[in-house]
Amino acid sequence: MRKLSLSSFSKALTATAISIVLAGSIAHSFANNDLPDLGTAAVNTFSLEKESVYGDAYMRVIRSSTPVLNDPVLSQYLSELGNKLVANATGVKTPFYFFLLRNDEINAFAFFGGHVGVHTGLFLNADNESELASVLAHEISHVTQRHLARSLEAQQKSSTATIAGMLGAILLTIAAPQVGIAALATTQALATQSSINYTRLHEKEADRIGMQILVDAGFDPNAAATFFGQLAVRYRFSTTPPQMLLTHPLPESRITEARNRAAQYPERHVPDSLLYQLAKARIQVRFSSFSDDAALSLFEQQLKKREYTHKDAALYGKALALFRLEKFEQAEVIIDELLKKDDNNLFYIDTKTDLLAQKKAYPQAIALLESQRKLKPTSQVININLANIYVEANQPTKAIPLLEETIFLDKQNMLPYQIMSDAYRKLDNKALEYYSNAEIMALTANYQGAIDQLNYAYRYSEGKTLQLARIEARIRQFRQADREMDQFK
């Protein structure tokens, strides 16, 4: 079978195209120029429907080449925070999709179709939720202002590069941004003043609009200046600055402008979010470079010295670290105490479920999650956990409707398909097991592999007319998607 790889797109990588990528929402630079009019040029080049198609294709390649984090608790937290900001944005013409990459580098980026990627390193370095929200608001602004499409339109007018070639280069640089940055160092594509100015105008526009979104959503307007100011000081003399400073340069003028914008709004005290600190603790323990012992020591020291924003977040981090060290009873004591204070907290419920599953207390886990599902019927945390417990408890038929509902609400999430495959395996339903595997492969742009899985599913579906028709239709769709992906090569 054939799988898409980064080398598949190397021929499309040109100096001009790299400058387009870095002029869009993957990389930026800044100045004090006047803001441009939005105009309609990009609309003529790319319809919103096309942007959605390209965004979906890029997201599939990202899944195949980078560690996308499929953690239901963190995904739901990030999506709810992102959508709170989107609800306060103007000019929103596309749904947004927020996702996490397991990467200690400090970075965030946006691209076609409302996709916004966030590195876990951003959580590790932002002190509070307002700082994280300020970065998300900036990236949301790039999407609502269609900066990537506008950059493509401008570059197409000033070069001989084809749209297909530029899109292929964008795809490569999104999938492996370090490749794009390395190529930039060897090109003079950004040497012209026009290219630099255009990039700076986008950044200034995203800063201004992002600040308004941040304030309207109820966050601290000083958060942007505070966060980027801290980064600028921390890495001022570093020979290897974080990726965000390579792609989001921080001249003093930009930080000053952020402070001046914030000063135009009334002072606002925003208590830091417990949920943010819980998310940060979860990343520190489960998805960072901390060793098991180091993670436990981190939170024990916080509790001993009272160096925490929220004590409950430090306790939660300690419980997760104890779980990793297989000290399950100690972890459960802490989680039970936290649940007494907040019995609807999804972070605590998720960990309690893990603890019950570890000791095979499936009836207790099911009772806990079923009661929560009555309160939160569409929560991916509850539904995915409950489906997983049903599969582990050898009740896979109860898991399947939950997974189908979750997939209906989020077709980009690989985790429900993976659990679905396990459920059908336990039911010895090979046809639908292969069908689920095909959907997983398609989400990573491996359409040939997906078609192979569907062919196996077809063989095991003899006599099931509707199921055969469904498989045939999906094979046609994947073949078409595979042909369309060829335009990026």
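This is a predicted model: local features need pLDDT of at least 70, side-chain atom pairs count only at pLDDT 80 or more; totals for chains, interfaces and linings use all residues.
Helix 3 gives the most to the lining of the largest pocket, contributing 6 residues. The volume of the largest pocket is about 870 Å³. Its lining comprises 32 residues, and those closest to the centre of the pocket are F96, Y97, L409, D410 and Q412. At least two lining residues come from each of helix 3 (48-65), helix 4 (72-86), strand 1 (97-101), helix 20 (380-392), helix 21 and helix 25 (465-485). By class, the lining of the largest pocket consists of 12 nonpolar, 15 polar and 5 charged residues.

The second largest pocket holds about 560 Å³ of space. A set of 21 residues lines the second largest pocket, and I407, Y417, Y435, E439 and R474 lie nearest its centre. Helix 25 provides the largest share of this lining, with 5 residues. Helix 3, helix 21, helix 22, helix 23 (430-442) and helix 25 each supply at least two residues of the lining of the second largest pocket. The lining of the second largest pocket divides into 11 nonpolar, 3 polar and 7 charged residues.

The packing of helices was examined next. Two packed helices are described by the angle between their axes and the distance between the axes. For helix 21 (residues 396-409) and helix 22 (residues 414-426), the axes come within 9 Å and cross at roughly 155 degrees. Angles over 145 degrees count as roughly antiparallel, and helix 21 and helix 22 are therefore roughly antiparallel to each other. Their crossing is left-handed. On the side of helix 21, the contact involves P396, I400, L403, E404, T406 and I407, which meet P416, Y417, I419, M420, A423, Y424 and K426 in helix 22. The residues of this contact comprise 10 nonpolar, 1 polar and 2 charged. Two residues of the contact, I407 of helix 21 and Y417 of helix 22, are also among the residues nearest the centre of the second largest pocket.

A second pair is formed by helix 15 (residues 292-305) and helix 16 (residues 311-324), whose axes come within 9 Å and cross at roughly 155 degrees. This angle makes helix 15 roughly antiparallel to helix 16. Helix 15 passes helix 16 in a left-handed crossing. In helix 15 the contact is made by D292, A295, L296, F299, E300, Q302 and L303, and in helix 16 by K311, A313, A314, L315, G317, K318, A321, L322 and R324. The contact of helix 15 with helix 16 has 9 nonpolar, 2 polar and 5 charged residues.

Helix 18 (residues 346-358) packs against helix 20 at an angle of about 5 degrees, and the axes of the two helices are 11 Å apart. Angles under 35 degrees count as roughly parallel, and helix 18 and helix 20 are therefore roughly parallel to each other. The contact joins L346, I349, D350, T353, D354 and A357 of helix 18 to V381, I382, N385, I389 and E392 of helix 20. By class, the residues of the contact of helix 18 with helix 20 are 6 nonpolar, 2 polar and 3 charged.

Note on methods
Residues are numbered from 1 along each chain as its sequence is written. Side-chain values use heavy atoms; hydrogens and water are left out. Axes are lines fitted to C-alpha atoms, for helices over the stretch in contact, and angles run from 0 to 180 degrees between N-to-C directions. Helices (H or I, at least four residues) and strands (E, at least two) are DSSP runs, numbered from the N terminus. Angles under 35 degrees count as roughly parallel, over 145 as roughly antiparallel, 65 to 115 as roughly perpendicular and the rest as oblique. A crossing is left-handed if the near helix is turned anticlockwise from the far one by less than a right angle, and right-handed if clockwise. Contact means heavy atoms within 4.5 Å. Ala, Val, Leu, Ile, Met, Phe, Trp, Tyr, Cys and Pro count as nonpolar, Asp, Glu, Lys and Arg as charged, and the others, Gly among them, as polar. On a 1 Å grid over the protein atoms alone, a cavity is a set of points where a 1.4 Å probe fits but cannot get out, and a pocket is an open set with protein on both sides within 12 Å along at least five of seven lines; lining residues have an atom within 4 Å of a point. Grid points are joined across faces, edges and corners, and a volume is the space filled by probe spheres set on the points.
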